[in-house]
Amino acid sequence: MKVLIIGLGSIAQKHINALKKLQPDCEILALRSGKSRCEIEGVKNVYQWDQVPHNLDFVMICNPTSEHYKTIKKSLEVGVPLFIEKPPLMNLEGVTELLSQTEQKNIRTYTAFNFRFHPVIQWLSNNLSEKRVLEVQAYCGSFLPNWRPGRDYRKVYSAKRELGGGVHLDLIHELDYITWLFGEPFQLNSFRSKVSDLQINSIDTAHYWLQYENYNISVLLNYYRRDARRYMEIVMEDETWMADLLASQVIKANGQVIFSDSCNLTDTYYEQMKYFVAGLNKQENYMNHLGESIRTLSYCLQ
């Protein structure tokens, strides 16, 4: 297997590790912007598109979100499936043309929302269908300076609005798994702002309200909570579940643990890559193809 990766930040290295675990003999090439960049073991650097071989199996797009649009357009010319790190784009400018080109060239795409492979989300997808949901609250709060140990948080793309940073884009996972589990809302409202003292110019808090026929869902995200929490509370007619994504368990209101798993986030990247690689030789669309993830992005930006 031969793969081209564009962008070699922290998230790209997680995908590389998952790919190496799945396909130890995989040949990985990285399209770099300059020769002063550091070397990564097991990754061969190339510096121009004309150095990219023609027998690739797929392309991984992991550069800053602000670069995704032009990178996807260029990658479509290679003629192989695209693995696109979330969010797919920084904004919705030019999406009609991009989706049209993807369809015309018959390029299959997948947008990397690894939380769909989280065991708690997987368990909920298999156990919610018979329940009458009345209310859902999803929450994710963590401290941006702790995200990338050893790096100045003020200099990473998350801190910079112009690079596609912002908590609403970084933590778009919540909107993705909510709409995957519960379907598309008939109405959505949102509020996004910068409220903390973090030295960033990007949005650090976002609140969404999704309206469904018989219930509402609230999603709250932030960059400034030092004691990280990520959970979903599901209120139903007969009971309430607290789905804790950091502890990887689901608990009833009475304290009874009804699901638990030893998963860590690294496992979700591996399961995601396994799903993607298994689908390379199939004809049907991947779940969360570019069109689907752009719909989620439209909710994020609304």
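The briefing below covers a sheet and its hairpins, a helix on that sheet, a pocket, and some local backbone features.

This is a predicted model, in which local features need pLDDT of at least 70 and side-chain atom pairs count only at pLDDT 80 or more, whereas totals for chains, interfaces and linings use all residues. Residues are numbered from 1 along each chain as its sequence is written, and side-chain values use heavy atoms, with hydrogens and water left out. Helices (H or I, at least four residues) and strands (E, at least two) are DSSP runs numbered from the N terminus.

**The eight-stranded sheet**

- Eight strands form an open sheet of mixed pairing in the order β8-β9-β10-β7-β11-β12-β13-β14, where two strands pair if DSSP finds at least two bridges between them.
- The edges of this sheet are β8 (187–193) and β14 (257–260), each of which pairs on one side only.
- Ignoring direction, neighbouring strands of the sheet are turned by 15° against each other on average; axes here are lines fitted to C-alpha atoms, for helices over the stretch in contact, and angles run from 0 to 180 degrees between N-to-C directions.

**Two hairpins**

- β12 and β13 run antiparallel and are joined by four bridges, with Trp241 standing opposite Lys252 in β13.
- Four residues lie between β12 and β13 in their hairpin, and Ser248 in the turn has a positive phi of about 55°.
- Strand β13 (residues 249–252) is joined to β14 by three bridges, and the two strands run antiparallel.
- In this pairing Ile251 stands opposite Val257 in β14, while the bridge partner of Gln249 in β14 is Ser260.
- The hairpin of β13 and β14 likewise has four residues between its strands, and Gly255 in the turn has a positive phi of about 95°.

**Helix α4 on the sheet**

- Helix α4 (residues 119–127) packs on the sheet, where it touches β11 (224–236), β12 (240–244), β13 and β14, and its direction makes about 150° with that of β12; contact means heavy atoms within 4.5 Å.
- The buried residues of α4 are Pro119, Val120, Ile121, Trp123 and Leu124, where buried means under 20% relative accessible area, exposed over 50%, and partly exposed in between (1.4 Å probe, protein chains only).
- These buried residues pack against α6 (173–182) as well as β11, β12, β13 and β14.

**Residues on the edge strands**

- Val257, in strand β14, is partly exposed, with a relative accessible area of 44%.
- Leaving aside neighbours within four places in sequence, Val257 is in contact with Gln249, Val250 and Ile251.
- The C-alpha atoms of Val257 and Gln48 are 209 residues apart along the chain and separated by 53 Å.
- Arg192, found in strand β8, counts as partly exposed at 28% relative accessibility.
- With neighbours within four places in sequence again left aside, the contacts of Arg192 are His168, Ile203, Thr205, Ala206, Tyr208, Cys300, Leu301 and Gln302.
- Between the C-alpha atoms of Arg192 and Lys20, which are 172 residues apart along the chain, the separation is 38 Å.

**The second largest pocket**

- The second largest pocket has a volume of about 410 Å³.
- Of the 19 residues that line this pocket, Asn106, Ile107, Arg108, Thr109 and Asn285 are the closest to its centre.
- On a 1 Å grid over the protein atoms alone, where a cavity is a set of points at which a 1.4 Å probe fits but cannot get out, a pocket is an open set with protein on both sides within 12 Å along at least five of seven lines, and lining residues have an atom within 4 Å of a point.
- Grid points are joined across faces, edges and corners, and the volume is the space filled by probe spheres set on the points.
- At least two lining residues come from each of α3 (95–104) and α8 (290–301), and α3 gives the largest share, three residues.

**Local backbone features**

- The peptide bond from Lys86 to Pro87 is cis, with omega near -15°, and Pro87 is placed in the loop between β5 (82–85) and α3.
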